[in-house]
Amino acid sequence: MNIKTFCVFLDAGHGGLNPKLKVPNNYTTYPSKCWQHKNSLFHGYGWFFEGVFNRAVTVLIEKYLKDWGFTVINVYDPVLDLALGQRVKKANFASSSFSGSLYLSIHGNAAASLDARGFEVYTSPSQTQSDIMASFLFDEVKETFPNWIFRTDTTDGDSDREERFYVLTQTTMPSVLSENGFFTNYKDALMMFDPVFQDNLALCHARAVVDYVKHLGYVF
Ligand SMILES: [Zn+2]
């Protein structure tokens, strides 16, 4: 099977920036999915906007996947916070045109405890193809950032966590959601804001897709 017939649906979580407005009102998901760190700048006046981070990483994943011959369809909007139903519907509708497909949702994490840090990857409950992709992603991220914190649930024999998130249960193709650091934690936020980190993180996601499709028998 040729890799061009495999489609990756990319979903950058939440909304982006409205270029016509000023910080923090230019963030279309404000006041949720963001955090203000005093004494730092981030996306403006200390605000870290998750949706902006998600988009920065997702654009890089798209670049790598296209360079390597995959078909990529973005189900998110660069600015607007599209409803999850719209995103999933777009992917489910388009997927019938391809020999195989995968839904990848990119997020940053938040917690009431500002000490919480690290990486998590989610699939729907029970063992499916999504768990195979999640394991490849987990391994790529762990290999690239060995000193980071990895928040796993190994009770079912693999490292991914399982939740009934809409984009994991309503998609008709294998679907994985990654939580790439806690923007509420200053140390993680600094790392997440770094373009080198974003690039390496994107490379992990793109490499995991390659691992996954090779496992399915696709050739390059
Ligand atoms: Zn999110």
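Modeller: Helices (H or I, at least four residues) and strands (E, at least two) are DSSP runs, numbered from the N terminus. Proline 31 is placed in the loop between E1 and E2, and the peptide bond that joins tyrosine 30 to proline 31 is cis, with omega near 10°. This is a predicted model, in which local features need pLDDT of at least 70 and side-chain atom pairs count only at pLDDT 80 or more, while totals for chains, interfaces and linings use all residues. Residues are numbered from 1 along each chain as its sequence is written, and side-chain values use heavy atoms, with hydrogens and water left out.

Colleague: Why is valine 210 called buried?

Modeller: Buried means under 20% relative accessible area, exposed over 50%, and partly exposed in between (1.4 Å probe, protein chains only). Valine 210 has a relative accessible area of 11%, so it is buried. This residue belongs to helix H6 (residues 195-216). Contact means heavy atoms within 4.5 Å; neighbours within four places in sequence aside, valine 210 is in contact with Trp68, Phe70 and Phe220.

Colleague: What makes asparagine 39 exposed, and why is serine 126 partly exposed?

Modeller: Asparagine 39 has 82% relative accessibility and therefore counts as exposed. Serine 126, at 45%, is therefore partly exposed. Asparagine 39 has a positive phi, near 70°, and serine 126 has one near 80°.

Colleague: How do you know that H5 and H6 are roughly perpendicular?

Modeller: Axes are lines fitted to C-alpha atoms, for helices over the stretch in contact, and angles run from 0 to 180 degrees between N-to-C directions. Angles under 35 degrees count as roughly parallel, over 145 as roughly antiparallel, 65 to 115 as roughly perpendicular and the rest as oblique. Helix H5 (residues 186-193) packs against H6 at about 80°, with the axes 5 Å apart; the pair is therefore roughly perpendicular. Met191, Met192 and Phe193 of H5 meet Pro195, Phe197 and Gln198 of H6 in this contact.

Colleague: What puts the buried residues of H5 on the same side of the helix?

Modeller: The residues concerned are Asp188, Ala189 and Met192. They cover an arc of only 100° around the axis, so they are on the same side of H5. That arc is taken from the directions from the helix axis to the C-beta atoms. An α-helix has 3.6 residues a turn, so residues three or four places apart point the same way. The elements covering the buried residues of H5 include helix H1 (50-67), strand E8 (175-182) and H6.
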